[in-house]
Amino acid sequence: MEFKLILFYVLSAILVGSSLGVITSRNPVNAAMFLVLSFFTAGAVWMLAQAEFLAIVLILVYVGAVMVLFLFVVMMLDINFDRLRQGFWSYLPLGALIGILMILEMSIVLGGQYFQVLDTPLPPELANSSNTKDLGLLLYTQYTYPDQVAAAILLVAIIAAIILTYRGRKDTKRQVIADQVAVKAADRLRVVKMDAVKPQPAVTAAPESEAGDGAAK
Amino acid sequence: MNPYVLDLITASPEVLVLAMGCLILILDLFVKDPSHTSTFVLTMLTLVGAAILTLFTSTGEVVYAFNGLYVDDLMGDLLKLVLYLTAIVTLFYARPYILQRPDLRRGEFYVLMLFATLGMMVMISANHLLTIYLGIELLSLSVYALVAMNRDSVASTEAAMKYFVLGALASGLLLYGMSMIYGATGTLSIPEISDALVANASNPTILIFGLVFIVSGLAFKLGVVPFHMWVPDVYQGAPTAITMLIGGAPKLAAFAITMRLLVSGLLLLAPDWQGMLLILAVLSLAIGNLAAIPQTNIKRMLAYSTISHMGFVLLGIVVGVVGGDARFALNAYSSSMFYVVSYVMMSVAAFGVIILLSRAGFEADRIDDFKGLNKRSPWFAAVMMMIMFSMAGVPFFIGFFAKFSILQAVVASGQIGLAIYAVLMSLIGAFYYLRIVKVMYFDEPIDESPIVAPMDMRVLLSINGLAIALFGLFPQTIMSLCAFSLLRSL
């Protein structure tokens with residue numbers, strides 16, 4: 001129990017520190033990396049609270065997918081971050097208001113006994129159960145049908161994203177062997193009939209006519 | 001037998017469509033033929049196979065599968081059969097249209113159509129709020145992509161964007177409502193919600209709050225006033241083949257989820273949702289019919305006409321239960337179902353005629369393009385006339401009996417004023433339908449080019465037009481099917 005408490009404080013300290021890092025670092029890539037760290041630590045804190053499914057999902061979804069995308073955007077787009085930071089002070093009152101509201105909400109929930117919010121303890125039979133296993137059992141027994149329909153929805157989302165964006169490459173240079181074999185001489189070579197001797201233009205002088213004949217193609 | 005296998009057998013139409021959708025997606029990679037004929041044939045066979053499976057797995061009883069998430073009843077089976085038929089007809093009409101347009105002429109078109117059909121099947125068979133939501137999303141996502149598929153057209157892209165944003169908003173409203181219902185009743189399963197309401201143990205304020213959001217979300221999906229803004233823009237901007245898809249089959253699925261949510265699940269709240277639906281229906285009848293009059297684009301006109309038709313469908317649902325008296329409920333709901341089925345038949349045919357007149361680079365979507373159609377093709381002018389007469393509610397076409405049965409149900413519930421209002425609005429609506437007929441028969445053609453369309457489409461469109469007339473003579477066949485299936489399901 002003591003070790004768990006120490007671990008909690010250490011993780012919380014890292015979490016608070018890295019969260020501060022997200023909003024204070026000037027380099028957006030550093031900020032994103034701090035965010036990754038804070039997600040990891042939050043996952044670890046959840047793990048301490050025996051919410052291992054949430055912890056794994058947080059790391060898989062947010063760190064694995066969302067933050068990687070975010071980093072890609074930050075690295076690939078040339079955003080002028082100094083311009084984005086302008087107007088910080090004008091947004092401050094709204095931001096502060098939202099922050100205060102969040103603190104109030106959290107203090108009501110955390111200090112439940114002072115605000116007469118019901119503080120329900122975990123039922124004893126759930127104390128030692130694994131929530132990943134419980135969720136899996138429900139998903140694959142009672143809720144198989146909606147689970148499959150949800151899978152179909154995701155498949156449709158993939159199909160939709162591809163047909164709406166993929167246009168095929170028009171600039172690829174690949175060989176079509178069948179066309180190459182089937183080619184005829186007439187497709188490649190055009191024989192142009194021309195007069196061997198051109199009639200003399202009226203303006204140019206006579207002495208250059210021999211040189212003109214030699215240059216004819 | 002393993003219960004899971006039994007579930008799979010009950011849901012075999014869905015399983016077949018999903019498996020074939022994935023298979024066709026892969027097989028299409030190896031198709032060299034630019035017209036994707038083999039993909040088209042496979043898609044058709046899949047739909048026919050699903051219809052056969054639906055017929056064979058139909059027991060006539062209400063069968064639950066997948067722990068009550070899926071329900072197979074006669075209402076669902078009948079709607080699904082109409083859905084397959086609509087999808088097949090839609091694909092036949094769409095084929096010449098997409099073959100002329102390189103951006104649409106792709107195998108994914110058929111795959112997305114199959115997935116949209118799957119989404120509608122999931123919606124029709126849903127017995128759980130989760131399944132309803134997932135079905136809607138599967139349908140919507142496929143349709144958004146189909147609308148945007150014509151990538152180089154600004155109008156299509158704009159329509160797709162509008163449809164996407166408003167559709168997402170509607171899904172959000174529906175989800176919010178569902179979460180409220182969950183909060184009040186503690187369950188997402190539709191029969192359990194009904195039981196919880198009977199037990200009267202839930203907070204009524206939260207229930208009504210959730211109900212408002214659910215009705216708004218449904219209204220968005222049905223496209224009724226005041227949630228109709230997307231309908232005209234999307235109908236006009238989408239390629240005609242896709243407009244035909246949006247304007248047809250999804251209304252069947254939307255009707256099914258309305259029935260399941262409001263009638264099967266929240267019937268005890270009927271006094272509350274009837275008032276909301278009544279407002280939606282009255283506004284839709286007025287705005288749909290009045291706004292259609294000044295339109296010059298026939299797709300936009302048909303969009304407003306859809307809004308007014310959906311108003312009629314809602315009228316049937318509104319008058320089901322009067323003051324706790326459910327004697328007329330079956331009659332009212334089955335007339336709504338009959339209306340939806342006949343609307344889909346007419347809507348698909350109307351867009352089929354627009355596609356018939358269009359060709360590469362020419363959409364034939366202005367009313368002026370129909371001028372003098374009688375001189376160019378007397379037969380298809382007659383087909384279009386039958387469709388327009390039927391939509392207007394001229395006697396002895398199917399549309400007349402659809403309107404008639406709804407009005408009968410309204411009168412039976414004792415709301416004579418409402419019935420008179422609906423008749424007046426239909427009369428206003430008749431003006432713009434008859435204008436198309438006038439333009440076709442009495443105006444000189446602007447465009448003299450001959451109509452080119454493959455034989456299968458001509459034959460199918462003729463059958464479709466004749467069916468509108470024929471079922472107008474024998475409406476009892478469909479009407480009694482609807483009534484019987486609802487009797488065995490509710």
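**View 1. B:Asp443 and its salt-bridge partner.** At 15% relative accessibility, B:Asp443 counts as buried. This close-up, like the others, comes from a predicted model. B:Asp443 forms a salt bridge with B:Lys438, and their closest N and O atoms lie 3.7 Å apart. B:Lys438 is partly exposed, with a relative accessible area of 41%. Elsewhere, salt bridges with shared partners join B:Glu158, B:Lys162, B:Asp233 and B:Arg300 into one network. Over all chains, the structure holds 13 salt bridges.

**View 2. A salt bridge between two loops of chain B.** B:Glu363 pairs with B:Arg101 in a salt bridge, with 3.2 Å between the closest N and O atoms. B:Glu363 sits in the loop between helix H15 (329-357) and helix H16 (373-376) of chain B. B:Arg101 sits in the loop between helix H4 (74-99) and H5 of chain B. The pair therefore ties together parts that are 262 residues apart in sequence. Are the two partners buried or exposed? B:Glu363 is partly exposed, at 27% relative accessible area. B:Arg101 is buried, at 8% relative accessibility, because the cut-off for buried is under 20%.

**View 3. The salt bridge of B:Arg106 and B:Glu108.** The closest N and O atoms of B:Glu108 and B:Arg106 are 3.9 Å apart, and the two residues form a salt bridge. B:Arg106 counts as buried, with 15% relative accessibility.

**View 4. B:Ser489 and its surroundings.** B:Ser489 belongs to helix H21 (residues 476-489) of chain B. B:Ser489 is buried, with a relative accessible area of 13%. Which backbone nitrogen does the side chain of B:Ser489 reach at 3.4 Å? It is that of B:Leu74. A polar atom of the B:Ser489 side chain also lies 2.9 Å from the backbone nitrogen of B:Met75. Neighbours within four places in sequence aside, B:Ser489 is in contact with B:Val62, B:Asp73, B:Leu74 and B:Met75.

**View 5. The interface of chain B and chain A.** Here 29 residues of chain B are in contact with 20 residues of chain A. The two chains bury about 2,100 Å² between them, 78% of it on carbon and sulfur atoms. B:Leu134, B:Leu141 and B:Arg151 supply 25% of the area that chain B buries against chain A, more than any other three residues. The count of salt bridges between chain B and chain A is 0. The rule does find 5 residue pairs in polar contact across this interface, both residues at pLDDT 80 or more. Helix H2 (12-27), helix H5 (107-124) and helix H6 (129-148) of chain B each supply at least two residues of the side that touches chain A. H6(B) gives the most to that side, with 9 residues. By class, the chain B side has 19 nonpolar, 4 polar and 6 charged residues.

**View 6. Domain 1 and domain 3 of chain A.** The domain assignment of chain A gives domain 1 (1-82), domain 2 (89-120) and domain 3 (123-169). The contact between domain 1 and domain 3 of chain A takes 4 residues from domain 1 and 5 residues from domain 3. Taken over C-alpha atoms, the centres of these two domains are 25 Å apart. Together they bury about 380 Å², 42% of it on carbon and sulfur atoms. On the domain 1 side, A:Gln50, A:Glu52 and A:Phe53 lose the most area to domain 3, together 92% of what that side buries. Across this interface the rule finds 0 salt bridges but 5 residue pairs in polar contact, both residues at pLDDT 80 or more. The domain 1 side has 2 nonpolar, 1 polar and 1 charged residues.

Note on methods:
Residues are numbered from 1 along each chain as its sequence is written. Chains are lettered from A and ligands numbered from 1 in the order in which they are written. This is a predicted model: local features need pLDDT of at least 70, side-chain atom pairs count only at pLDDT 80 or more; totals for chains, interfaces and linings use all residues. Side-chain values use heavy atoms; hydrogens and water are left out. Domain bounds come from an automatic or database domain assignment. Contact means heavy atoms within 4.5 Å. Buried area is the accessible area (1.4 Å probe) that two parts lose on being put together, summed over both. A salt bridge is a side-chain nitrogen of Lys or Arg within 4 Å of a carboxyl oxygen of Asp or Glu. A polar contact is a pair of N or O atoms within 3.5 Å; within protein, one must be able to donate a hydrogen and the other to accept it, and residues adjacent in sequence count only if both atoms are side-chain atoms. Ala, Val, Leu, Ile, Met, Phe, Trp, Tyr, Cys and Pro count as nonpolar, Asp, Glu, Lys and Arg as charged, and the others, Gly among them, as polar. Helices (H or I, at least four residues) and strands (E, at least two) are DSSP runs, numbered from the N terminus. Buried means under 20% relative accessible area, exposed over 50%, partly exposed in between (1.4 Å probe, protein chains only).
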